Amino acid sequence: MRDKTKAIHEGYIKDTNATMAVPIYQTTAYEFRDTEHAANLFALKELGNIYTRLTNPTTDVLEKRFASLENGVAAIATSSGMNALFSTIANLAEAGDNIICSTKLYGGTLTLAAHTIKRFGIESKYFDPQKPEDLEKLIDEKTKLILFESISNPSITVADIEPIIKIANRHLVLTAVDNTVATPIHCKPLDLGCDLSIHSTSKYTTGQGLAIGGIVVEAESVKEKIKDNDRYAHFNTPDASYHGLVYTDVGLPPFSLRMRLALLRDLGGVPSPFNSWLFIQGLEHLPLRMEQHSKSALEIAKFLESHPKVKKVNYPFLESNENYPYAKKYLKGGASGLLSFEVDSFDEARKIVDSIEIFSLVVNIGDSKSIITHPASTTHQQLSSDEMEAAGVKEGLIRLSIGLEDTQDLIDALKKALEA
Ligand code: PLP
């Protein structure tokens, strides 16, 4: 099946009520037939529902549908994108280990890497996602994960995925890609050899800014890479917290199995069934929306590039953009609705943001409603000008998340604000 069909049908098997819409199983727990049934479920002799912190039939549809769109073998939905990222790290690394992160990451992921996991004894090292040769010397026997974004937020950098994967595979280290911005419609990291694909479903998956959530999708490759690999000894040795279970012996995707049985069990970062249902509604039209977001963003990027007041436009499918060769190689059919452009000064940027019509001043992306942000006065306000330079944020930089309004109306609004 192709994406547009998968997005609508995958993962849902109608029960006797035959509801066309996926039902919302709004429940905390599930009744066992008898004690033997209960014991079998706990011992994994039989698979089934026990408690919504572990599994839920509505969330199950979301997980299966997402896994299918990413061409993965399993997925675990989480309470937020940040929880998906933290749980991925926590599933692989422990005190004394390290992970290697791209320098071009979402701000929350950067603080997670630099500060929060440090308090758990996990160190972070950094590499440039377009200079993957630097990676080789950073990997040691304690490295558990290489983490990067396919299209980064907010810098809109497209990672050079192929050489990153080659180096990671040489050392049998798992790779995780935050694919939130590109979505599985425009980028399929698992097909390119990545092991895990992570999303904040709060963005393009809901598509209308309706709920916070996340998901981690596991590739077929993970099983082989983890099995008998000393780097991931905790997947190959008995887990005392689960009656001595060895995750690689069960015959189920091991990363997802451990994330569900150990991390969802102990940390509880699951979505509500209602939010899972909202994400399912969003997925149904994700392919159509991504087509429109990307088409509109490219047209707007071209308009901005031709405007005398604009110094630079960053959109990966502009031929003039430094990301263009990577976009052509790794992205299919578009590069999302995210773009940024630079005007002369801090004051000029603020004037545009304050006067523009239609666009809302919001720190979010992936909404049907167009969004404008001025990083220098908001998300990057606390940085010195040197730090801002290093983060690639100029004082006159404006970021746009192009929504689903009429493209010409958005161009008219930008023109009016630029010329006010
Ligand atoms: N990853 C990316 C690329 C993001 O843009 C965000 C949020 O903006 C996150 C992860 C975090 O997701 P959430 O807000 O759902 O926790």
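**Entry 1: H12 and H16**

I began with a helix pair: Gln292, Ser296, Glu299, Ile300, Phe303 and Leu304 in H12 meet Thr407, Leu410, Ile411, Leu414, Lys415 and Leu418 in H16. Contact here means heavy atoms within 4.5 Å. By class, I found seven nonpolar, three polar and two charged residues in this contact. Ala, Val, Leu, Ile, Met, Phe, Trp, Tyr, Cys and Pro count as nonpolar, Asp, Glu, Lys and Arg as charged, and the others, Gly among them, as polar.

I noted the ground rules next. This is a predicted model, in which local features need pLDDT of at least 70, side-chain atom pairs count only at pLDDT 80 or more, and totals for chains, interfaces and linings use all residues. Residues are numbered from 1 along each chain as its sequence is written, and side-chain values use heavy atoms, with hydrogens and water left out.

Then I looked up the geometry. H12 spans residues 286-305 and H16 residues 407-418; their axes come within 10 Å and cross at roughly 30°. Helices are DSSP runs (H or I, at least four residues), numbered from the N terminus. Axes are lines fitted to C-alpha atoms over the stretch in contact, and angles run from 0 to 180 degrees between N-to-C directions. The crossing of H12 and H16 is right-handed (the near helix is turned clockwise from the far one by less than a right angle; anticlockwise is left-handed).

**Entry 2: H4 and H5**

I turned to H4 (residues 81-92) and H5 (residues 107-116). Their axes cross at roughly 30° and come within 10 Å. H4 therefore counts as roughly parallel to H5 (an angle under 35 degrees). H4 passes H5 in a right-handed crossing. Met82, Leu85, Phe86 and Ile89 of H4 make the contact with Gly108, Thr109 and Leu112 of H5. I noted five nonpolar, two polar and no charged residues there.

**Entry 3: H3 and H11**

H3 (residues 57-69) packs on H11 (residues 273-284) at about 35°, with the axes 8 Å apart. This crossing is left-handed. Among the residues of H3 that meet H11 are Arg65 and Phe66. The contact has nine nonpolar, three polar and two charged residues.

**Entry 4: the ligand**

An N or O atom in the side chain of Asp178 is 2.7 Å from a nitrogen atom of the ligand. A backbone N or O atom of Gly81 lies 2.9 Å from a ligand oxygen atom. For Met82, a backbone N or O atom lies 3.0 Å from an oxygen atom of the ligand.

Conventions: Helices (H or I, at least four residues) and strands (E, at least two) are DSSP runs, numbered from the N terminus. Angles under 35 degrees count as roughly parallel, over 145 as roughly antiparallel, 65 to 115 as roughly perpendicular and the rest as oblique. A polar contact is a pair of N or O atoms within 3.5 Å; within protein, one must be able to donate a hydrogen and the other to accept it, and residues adjacent in sequence count only if both atoms are side-chain atoms.
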